Amino acid sequence: MTDKEEELGVSLFGRTIDLMEDDPLEEIFALNMGDFISEYLISDDLANKIGKGVKDKAEKLKSQLRELISIYSLDNTLCVLGFSSKDEYVVYNSIARTLTQILDTDACHIYLTKDFTKGLDIQDKLLGLVGSSLEFDEDMYSKKIGYNESDNSVIIEAFKNLEKKQIKDVSLIENFEPKKELNEEKVKSLAVFPIHNNAYVVGIIVIENYKEKTLKRAYANLVETIGRLFGTSMHLQKVIEHTEEVLSEDTIFAEELQHLRAELTSLIGDLGTQQQAFVEKLAKAVDEKGQYKVSHSQNTAELSKKLCRQLGLNEKTTDLVYYAGLLQNIGKITLPESLFTNKGKLSKEEWEKLQNHPNVGVNLLMNINFLSEVVPYIHYHKERWDGGGEPEGLKGNSIPFGSRIIAVADAYTAMTSDRSYRNAMTKEEALEILKEESGKKWDPDVINALFEVV
């Protein structure tokens with residue numbers, strides 16, 4: 001990335017890698033002709049030049065690999081691996097509890113293979129429990145809960161076959177073995193999702209209900225995407241660790257460095273794809289819980305993107321605003337669906353839950369590293385241009401620009417969409433209301449841009 005591109009804020013997902021030019025000599029040596037050519041056709045002078053070229057190429061490859069590692073280190077992917085003590089693994093308990101809230105289920109358990117359970121003693125089990133939504137009276141990890149490869153279990157079956165499963169009534173299957181430590185004798189229905197990418201399986205997510213129930217499609221798609229995102233992130237981190245070991249060695253072959261570069265760049269591309277899929281699936285789950293009849297979050301995000309372009313914002317900022325637009329109602333995902341299906345008058349407590357939902361969402365996002373930059377846009381999108389908004393009463397240009405854009409896009413999309421309690425306004429009606437509140441509730445520049453794009 002050039003200094004100019006960095007200054008303009010080029011999107012991380014649009015980043016290109018400066019790949020080396022094809023080297024015909026490598027193709028020749030790959031055909032096992034290298035010894036013949038070097039012995040009979042290459043002069044000492046040419047051999048020296050080739051040697052210098054190989055050395056220069058190796059140094060350039062090492063430089064590229066170090067740059068990739070610095071950008072896609074653990075701090076810039078996900079906090080889901082690299083742990084070495086029990087205290088660090090509690091992040092998985094938080095993930096499991098958040099999933100039970102999102103999915104409105106009774107329990108969630110996360111298992112990983114022994115390669116990813118450093119610091120935990122899972123004995124010789126194939127899968128060890130690293131996180132649970134349940135509260136334990138004593139150290140959960142001392143129980144060494146897990147599954148052996150030989151277990152006749154639906155969990156092991158899903159893990160080995162990379163197959164998601166939804167079982168509405170576990171009494172109808174023979175290979176569900178309830179674990180008393182996890183209160184699984186109460187379980188009536190079950191959903192299982194492998195944690196993996198295309199070629200690498202690292203664990204399993206188990207969702208449990210104490211009554212017969214299946215996950216809604218939007219929720220199941222979200223958990224499946226989380227499994228792929230975690231699996232890709234873990235695989236990438238393993239390759240990064242191996243690359244760091246190789247770079248520390250005295251003698252390194254350019255061929256090995258090229259292989260590592262190809263593997264890293266492939267995984268980085270996969271990670272970007274999975275991150276975007278995760279955000280989009282999370283937004284769909286939000287809309288599902290919020291009882292929207294249309295893809296409100298997606299429509300808000302698309303309109304936010306158009307406003308960014310109309311206002312001349314750079315690509316990186318546009319990406320961040322787009323994601324924030326998808327997730328600006330994320331707080332709703334941890335609230336019960338009954339709040340959104342209630343057509344009567346809400347109680348004071350219910351109203352406060354709805355009013356405070358952006359803060360719930362912000363707290364959730366702060367635990368997902370690659371989304372941390374969108375947090376301010378979401379946190380302040382309920383502020384008003386005149387300073388009368390929430391949560392901090394910011395005024396005018398002190399409100400982040402991305403927040404002002406999302407606020408207008410969200411309002412317009414909501415006004416022009418059918419809801420369970422009212423019909424949609426026309427485009428003209430919505431624009432008229434927004435125009436009247438320009439300079440009071442909304443940024444006038446954003447309102448002007450809205451009139452241009454819709």
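Q: Why is strand S5 (residues 189–197) called largely enclosed by the rest of the structure?
A: Nine of the nine residues of strand S5 are buried, so the strand is largely enclosed. Buried means under 20% relative accessible area, exposed means over 50%, and partly exposed lies in between (1.4 Å probe, protein chains only). Strands (E, at least two residues) and helices (H or I, at least four) are DSSP runs numbered from the N terminus. This is a predicted model, in which local features need pLDDT of at least 70, side-chain atom pairs count only at pLDDT 80 or more, and totals for chains, interfaces and linings use all residues. Residues are numbered from 1 along each chain as its sequence is written, and side-chain values use heavy atoms, with hydrogens and water left out.

Q: How do you know that both faces of S5 are covered?
A: In a regular strand the side chains alternate between the two faces of the sheet. On one side of S5, Ser189, Ala191, Phe193, Ile195 and Asn197 are buried, and on the other Leu190, Val192, Pro194 and His196 are buried too.

Q: What makes S5 and strand S6 (residues 200–209) a pair?
A: Two strands pair if DSSP finds at least two bridges between them. S5 and S6 have nine, in the antiparallel sense, with phenylalanine 193 bridged to isoleucine 205 in S6. Two residues lie between S5 and S6 in this hairpin.

Q: What makes strand S4 (residues 165–167) a partner of S5?
A: S4 and S5 share three antiparallel bridges. Lysine 165 stands opposite valine 192 in S5.

Q: Why is lysine 165 called buried?
A: Its relative accessibility is 15%, so lysine 165 counts as buried. Glutamate 163, at 33%, is partly exposed.

Q: Why is the contact of glutamate 163 and lysine 165 called a salt bridge?
A: A salt bridge is a side-chain nitrogen of Lys or Arg within 4 Å of a carboxyl oxygen of Asp or Glu. The N to O distance for glutamate 163 and lysine 165 is 3.6 Å, so the pair qualifies. Glu157, Glu163 and Lys165 are linked in a network of salt bridges.

Q: How do you know that aspartate 443 and arginine 404 tie together separate parts of the sequence?
A: Their side chains meet in a salt bridge at 2.7 Å, N to O. Aspartate 443 lies in the loop between helix H16 (427–436) and helix H17 (444–453), and arginine 404 in helix H15 (residues 401–415), so the bridge joins parts 39 residues apart in sequence. Aspartate 443 is buried at 3% relative accessibility, and arginine 404 is buried at 11%.
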